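Please open the model in your viewer and keep the selection tool at hand.

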Amino acid sequence: MEANDAPGKSPARAKDGDGPRTAGNAATGPAPGDRTAGNATSEPAPGDRTAGNAATGQAPGDRTSEDSAPGEVAVRPHTGRRRNEAVRRAILDAALRLLVESKGAPITVEAVARAAGVGKQTLYRWWPSKGAVLLDALTDRADQDVPPPDTGSLREDLNTIVAATFDAAQRAPWAPALRTLVREAAADPHLAELLRTYTGTRRALLHDVLDRGRARGELPADRDLDLMVDQVYGLFWYRFLLGHAPLDRTAAERLTDSLLGPGTT
């Protein structure tokens, strides 16, 4: 992330009397009717929204300095300190869309904010970095596409989660998004750590499925569950990155048989 992306950077000062006031020229006081997050001592005009009253939304025409180019007129829901779910969804969808379209090119916070129709500082209020936004977007999508099954049958649960994981990796946004993240993580230690966190959540979900089956007596008590998880995701990443063999339902069924043995319930 570039230095000028750092959270909390103040906007450029406007000259005294030169247009509306922002958080950077609080010493001169706000112009009549002008309200921003930095004018905390001023009382807002009726209908004016600031970061402290996000629950009421945003009045038409209320904008922040990072939202648009000079002369551009647009309105977005103001998020304030609490996440607005509609805005959060727009940001996550935009992040995934950019991952799909980037074809390996770096993705900036500015690009995600612009694609979602929000200001850059909105992202920085909710996520510490670009990588956190991207990983949150992937985790959210994974929860939708590969929900944790619990049918009461280890074989059915395991086959379901493996097949769903394999199937999701064959289509957008998964395939291009994951490949982009793997490439960027190789050069970005922070993103690499977040990628490990993401894969850790998927491993934990599969581990829980196996642990429930073991508790029901469907696996021997001494089975190494971590090794079984490694076998599932080891095969997944190997085939996903190298593409030497398919990731399909047949592969999911054969992997399930290999792990549980034919005929296991």
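Begin by selecting Leu-241, which is partly exposed because its relative accessibility is 44% (buried means under 20% relative accessible area, exposed over 50%, partly exposed in between, with a 1.4 Å probe and protein chains only). This is a predicted model, in which local features need pLDDT of at least 70 and side-chain atom pairs count only at pLDDT 80 or more, while totals for chains, interfaces and linings use all residues. Residues are numbered from 1 along each chain as its sequence is written, and side-chain values use heavy atoms, leaving out hydrogens and water.

Next, select residues 225-242, helix H8, where Leu-241 has its place; helices are DSSP runs of H or I with at least four residues, numbered from the N terminus.

Now turn to Asp-230 and Arg-203, whose side chains meet in a salt bridge at 2.6 Å, N to O (a side-chain nitrogen of Lys or Arg within 4 Å of a carboxyl oxygen of Asp or Glu). Asp-230 lies in H8 and Arg-203 in H7, so the pair ties together parts 27 residues apart in sequence.

Finally, select Glu-193 and Arg-196, a salt bridge with its closest N and O atoms 2.8 Å apart. Both residues lie in helix H7, residues 189-215, three residues apart, about one turn of the helix.

Key: Helices (H or I, at least four residues) and strands (E, at least two) are DSSP runs, numbered from the N terminus.
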